[in-house]
Amino acid sequence: MRTINIRVNGKLVSRAVEDRLSLADFLRDHCLLTGTHVGCEHGVCGACTLFMDGKPIRSCITLAVAADQSHVRTVEGYQGDPLMQAIRTAFNHRHALQCGFCTPGMLATAYDMLSRIADLDRDRIRAELSGNLCRCTGYLSIIQAIEDVHAKHVATAASPLSS
Amino acid sequence: MKPVQLSYERPDALRGALEALRQSSSNARVIAGGQSLGPMLNFRLAQPKRLIDVSRIEALRTAAMEGQTLAIGACVTHARIEDGDIPDVTLGLMRHVARGIAYRAVRNRGTIGGSLAHADPAADWLVTMIALDASVRLQSAAGIRELKVADFVIGPLNTQLAETEVITHVLVPRLAASGRWGHAKYAKKPGDFAETAAIAIFDAERGVARVAFGRRDEPPALMQRTSNQLGGAHGRQRGNLKAAVESDLRDLSAKPVDLMLHRAIVMRALQDMVS
Amino acid sequence: MAIGATPAEAEDIAAQVEITFEQLPPVVSMWEALKSDAPLVHEDWGDNVLVDLKLEGGDLAATKSAAVHVIERSFRMNRMHPLALEGRACAASYDSRLDELVVYVAHQLPVPLQIGLSQVLGVSQRRLRVIAPDVGASFGLKTYLESETVCVAWAAMKLRRPVRWVQDRYESLICDANCRDYHAKVTAYADANGKVLGMECDVIVDSGAYSPWPWPAGIEGGLAIGNMQGCYDIRAFRGRAINVVSNKPAGQPFRGVARPLSCIGHEVVMDALAEVVGVDPVDIRLRNFVRPEQMPYASITKKTLDSGNYGAALKRVAELIDVPAVRARQKKGEPDGRLIGVGFASFYEQTAYGTGPFGYAMWGIELVPGMEPAVARLTGDGELILEVGTHSHGQGHETVFAQLAHEVLGIDPHKVSVRYGDTSTCPVGTGTYTSRSMVSAGGAIIEACEALKAPITRIGSHLLQCKDAEVTIRDGRVFGPRGSVEFAEIGRAWYHHPEDLPAEMDVTGLTATAGHKPHDPGVFAYSSHGAVVAVDPEIGSVEVIDYAIVADCGTRVNPLLVEGQIIGGFSNGLGNALYEESTYDDQGQPTATTLADYSAPTAPAIPDVKLEFMETPSPFAVRGIKGIGENGAIGPPAAIANAVNDALRPLKASVLETPITASRVRAAIMRARSAGTA
């Protein structure tokens with residue numbers, strides 16, 4: 001056991017944890033932020049994708065102790081963020097979620113590609129989404145939602161941590 | 001799927017990591033981005049008592065020229081290479097390969113050193129480094145040595161890395177501006193490990209002609225006759241090149257249905273190089 | 001059982017348990033299972049046959065002698081996993097105040113699970129509450145009585161502490177009840193013009209080691225042969241389905257159930273017939289479709305096709321795909337050397353069936369759906385609560401059921417709550433499966449909301465001091481000749497101020513309970529699919545470069561939700577066609593145990609599907625609505641297989657096995673080459 005200090009959604013969280021605990025489990029079981037979902041625990045399905053130190057990562061194969069001293073942003077941590085609000089609105093309008101299990105990972109990946117890539121056509125969106133598995137929607141509504149947001153917003157250098 | 005009990009430490013400097021390895025070697029594993037080791041820990045396929053996280057060691061995150069060789073810190077991530085954050089000595093080949101590794105979220109953490117140390121035969125960097133005739137620099141508390149990647153990798157998930165050693169750098173020779181490369185890979189889906197991959201490099205100025213071939217279950221290898229033919233004929237005599245490829249493929253003990261795939265990928269890498 | 005304070009600790013304990021196994025010879029395939037000297041999966045059975053179903057009709061002997069063309073094709077559809085992204089999970093605790101066992105579980109059939117748990121644990125239903133809240137998809141996976149849930153519930157009672165289990169992906173791929181695993185041999189007997197006069201089919205289903213309660217093994221085989229004649233007017237039929245057991249996980253229904261196999265059966269044969277007769281694959285189907293004027297049409301396999309225009313749907317798909325352009329492209333050849341192919345699949349989907357003799361009861365299912373319940377309750381502040389016995393795990397019932405209430409009562413959908421998934425607070429229904437919720441629960445909601453009109457009218461007319469007949473209900477208000485009152489005032493009167501009520505009031509007040517009996521034979525949605533593929537003749541990879549769907553599920557209550565179901569189903573079907581396979585080695589060890597090995601489609605695999613709808617209401621369903629949940633998944637294996645085989649035609653190769661992997665395509669090309677040079 002050791003005490004780690006992680007800034008979660010802007011708030012400093014200090015907890016004693018086992019070294020083997022994953023970041024995903026830390027957020028879900030210790031911080032009670034259950035918006036981060038675990039679908040495979042081997043980094044393939046993408047449901048657990050969230051931002052750490054400004055970059056999307058797989059929280060299922062990241063140890064919580066490895067996130068010590070880091071900034072972590074989960075799906076619960078975007079209050080007032082205009083880009084995320086636009087993405088959520090577009091997901092809603094396009095029915096880009098059904099069961100919602102993949103959605104937190106999809107939102108993180110969408111946020112990343114919209115922030116990072118200026119030139120997003122449907123095929124590039126598909127390629128950037130290739131690490132996020134969805135079984136319900138068939139992806140087309142997700143691709144469309146991201147395309148909608150891209151049409152309205154130019155890629156900025158917005159830090160996902162600014163709040 | 002949760003790991004066994006273990007202890008984790010994250011030294012700030014290489015010295016600390018090497019000392020920890022010297023003390024615990026058989027009970028300790030080095031972890032960098034954790035994109036390969038993380039799943040193994042979760043599956044309990046790896047059960048170290050001690051994890052030594054080297055990802056924050058600054059000295060392992062630089063990328064600088066040493067003469068005509070680029071020394072890439074082992075903890076440089078695939079994403080940094082994809083984004084062009086390191087000097088380009090391979091005429092864009094490394095950037096191109098980086099972009100095809102797994103997915104962005106994995107590339108943000110996965111490292112080139114980690115990928116080579118893990119040595120999954122289908123890993124993109126393995127076949128690429130062999131094609132580039134790159135080397136790895138290994139360091140332990142006892143000293144430093146360098147090995148060609150082709151010699152470093154012994155078998156699937158098996159390398160010459162001693163339990164007390166860490167890869168510190170990947171050493172990539174610079175290609176001349178007139179050099180050419182070709183790349184072809186077949187994976188079931190984008191981001192999957194390749195079923196088969198081939199990289200062809202031709203650099204007349206430096207006298208380099210190398211065609212490396214990678215597949216599942218066996219580490220990548222240089223296609224010797226194809227490489228010789230490429231170097232000799234400057235790639236102009238396609239007919240002879242095809243025969244050389246057939247000859248090299250015969251050495252692989254592959255089923256005919258897979259040979260069909262391997263052949264196609266190698267020829268496409270060669271085609272990519274000249275187009 | 002290993003129980004720990006954390007999942008990691010429980011795994012540590014489990015790792016310390018040493019088990020000595022006596023290894024018995026396994027039965028790993030359906031062919032092994034059928035051998036007379038096969039090891040027995042269940043030692044007290046004489047063989048490995050779970051059930052042997054036969055279905056016959058018409059004069060097949062006469063058909064055979066009259067036939068000019070005889071087409072026989074065999075097809076293998078390999079085992080798959082439903083792969084809901086959220087795994088299975090449950091948490092159980094004993095509530096000592098209520099003397100009640102409470103089980104939270106990811107499940108789409110809360111009441112059947114309650115009944116099953118009750119029987120196995122010996123706890124009466126009264127004392128057993130099942131709550132299935134947010135469920136991360138299911139597609140039929142989370143429908144059975146799971147041994148883990150039984151164990152966790154038992155442990156919670158024994159330990160008098162809450163106990164939880166969360167499955168991980170490795171466990172899921174190894175021990176979940178999985179699906180598909182069929183073989184079909186189909187023979188069509190046709191006249192000189194390609195009109196199919198009769199059909200025979202022999203289907204084998206590998207059902208794994210058990211039937212997962214409540215699903216009987218017969219369901220897959222029964223559905224496979226019962227739907228093998230497709231949308232075609234075929235008057236003679238013989239079908240046989242043998243369900244065998246093997247040492248694999250229980251086989252259970254997954255989106256589409258056996259119909260993707262039936263569809264491949266009839267559609268591959270149609271394409272083959274087209275080639276032999278020398279006509280276009282669209283034309284051969286048009287010659288054989290049941291026509292609208294023949295409906296309702298009683299099929300030889302005892303289905304009553306209620307309404308629709310199969311020919312119109314297919315013709316429109318052919319337009320959307322632009323067949324002439326594809327043919328021109330095929331002729332011209334691709335710059336990258338890939339082979340282009342086009343394939344079609346037309347099919348119907350029987351939805352929302354009930355107690356009839358040709359459905360659940362015939363297959364021996366434990367729980368037959370009858371009257372589907374719904375409760376509609378207007379609250380004291382004029383808002384509405386709907387309670388249903390179905391389950392929403394992505395289908396959007398929360399939205400569309402509120403829409404129905406709005407259609408009937410005019411209430412703002414944002415003022416409607418839809419409650420499901422809790423056996424203590426919801427009416428008893430069998431749950432969501434076989435594309436039934438919109439028709440059954442939808443019908444019940446409409447009836448319940450209609451039933452609320454009477455008390456609302458009664459109270460409203462009393463408050464407005466006019467006659468019932470002078471009152472109209474719309475926009476969440478009650479309008480009389482001299483004014484209006486909102487629903488909140490109606491609610492206030494009933495719940496808080498009975499002194500303001502009329503003398504004659506029905507005691508049920510503002511709570512209406514309805515039980516909707518859907519049309520027992522079910523109602524039949526249908527679709528036509530068209531696929532265009534590019535096949536790499538050296539690598540064998542298949543890319544779907546264009547795809548069109550024309551679907552008809554009668555009245556669409558929420559078109560956006562319907563589209564979501566179809567495109568989602570399409571991606572599952574595409575996975576079935578090209579990617580997904582649960583593989584086992586010759587010792588029966590599962591070898592697709594991670595998502596690196598079990599390959600499901602990701603965004604780059606999905607083309608921009610051209611989706612259009614026809615709306616032919618069913619004469620047998622309320623508002624003409626038909627089910628649609630599984631529809632999208634049924635067509636792709638057939639359409640894509642037909643397209644791949646169209647592409648491979650110049651090489652005289654064909655693939656008749658799913659998933660159509662690059663390796664299988666290469667093998668087919670190699671076989672054709674060696675046959676050519678033989």
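This is a predicted model: local features need pLDDT of at least 70, side-chain atom pairs count only at pLDDT 80 or more; totals for chains, interfaces and linings use all residues.
Is Gln69(A) buried or exposed?

**Chain A: the overall fold**

Chain A contains 5 helices and 5 strands, and reading from the N terminus the order of its elements is β-β-α-β-β-β-α-α-α-α. Along the principal axes, the C-alpha atoms of chain A occupy a box of roughly 45 × 30 × 20 Å. A compact globule of 163 residues would have a radius of gyration near 15 Å, and the 15 Å of chain A agrees with this. Among the contacts in chain A with a separation of 6 or more, 63% are between residues 24 or more positions apart.

**Chain A: two loop residues with positive phi**

As background, most residues other than glycine have a negative phi. Select Leu32(A), in the loop between helix 1 (23-30) and strand 3 (49-52) of chain A. Leu32(A) is not a glycine, yet its phi is positive, near 55°. With 8 other C-beta atoms within 10 Å, Leu32(A) is exposed.

Next select Gln69(A), which sits in the loop between strand 4 and strand 5 (71-73) of chain A. Gln69(A) also has a positive phi, about 75°, although it is not a glycine. To settle the opening question, Gln69(A) has 12 other C-beta atoms within 10 Å and is therefore exposed, the cut-off for an exposed residue being 12 or fewer.

**From chain A to chain B**

Bring chain B into view and turn to its contact with chain A. The contact draws 21 residues from chain A and 23 residues from chain B. On the chain A side, strand 4 (55-58) and helix 4 (122-128) are the elements that give two or more residues. Strand 4 of chain A gives the most, with 4 residues. Coloured by class, the residues of chain A that touch chain B comprise 7 nonpolar, 7 polar and 7 charged.

Within chain B, select helix 11 (residues 256-274). This helix of 19 residues reaches 27 Å from its first C-alpha to its last, close to the 27 Å expected at 1.5 Å a residue. Show the buried residues of helix 11 of chain B, including Met260(B), Leu261(B), His262(B), Arg263(B), Ile265(B) and Met273(B).

**From chain A to chain C**

Select helix 9 (residues 281-288) and helix 10 (residues 310-321) of chain C. Their axes come within 10 Å and cross at roughly 170°. That angle makes helix 9 of chain C roughly antiparallel to helix 10 of chain C. Showing side chains identifies the residues that make the contact: Val282(C), Arg285(C) and Leu286(C) from helix 9, and Gly311(C), Leu314(C) and Ala318(C) from helix 10. By class, this contact between the two helices of chain C has 4 nonpolar, 1 polar and 1 charged residues.

Move on to helix 14 (residues 437-464) of chain C. Its 28 residues reach 38 Å from first C-alpha to last, close to the 40 Å expected at 1.5 Å a residue. Of the 28 residues of helix 14 of chain C, 21 are buried, so the helix is largely enclosed by the rest of the structure. Step one residue past its end to Gln465(C), whose phi is positive, near 55°.

**Chain C: two cis peptide bonds**

The last stops concern peptide geometry; in general, most peptide bonds are trans. Centre on Pro214(C), in the loop between strand 8 (196-206) and helix 7 (218-226) of chain C. The bond from Trp213(C) to Pro214(C) is cis, with omega near 10°.

Finally, select Pro659(C), located in the loop between strand 23 (657-658) and helix 19 (662-677) of chain C. The peptide bond leading from Thr658(C) to Pro659(C) is likewise cis, with omega near -5°.

Note on methods:
Residues are numbered from 1 along each chain as its sequence is written. Chains are lettered from A and ligands numbered from 1 in the order in which they are written. Axes are lines fitted to C-alpha atoms, for helices over the stretch in contact, and angles run from 0 to 180 degrees between N-to-C directions. Angles under 35 degrees count as roughly parallel, over 145 as roughly antiparallel, 65 to 115 as roughly perpendicular and the rest as oblique. Two residues are in contact if their C-beta atoms, placed from the backbone, lie within 7 Å. Ala, Val, Leu, Ile, Met, Phe, Trp, Tyr, Cys and Pro count as nonpolar, Asp, Glu, Lys and Arg as charged, and the others, Gly among them, as polar. The expected span of a helix is 1.5 Å times one less than its number of residues. A residue is buried if 20 or more other C-beta atoms lie within 10 Å of its own, exposed if 12 or fewer, and partly exposed in between; C-beta atoms are placed from the backbone. The radius of gyration is taken over C-alpha atoms; the globule rule is 2.2 Å times the number of residues to the power 0.38.
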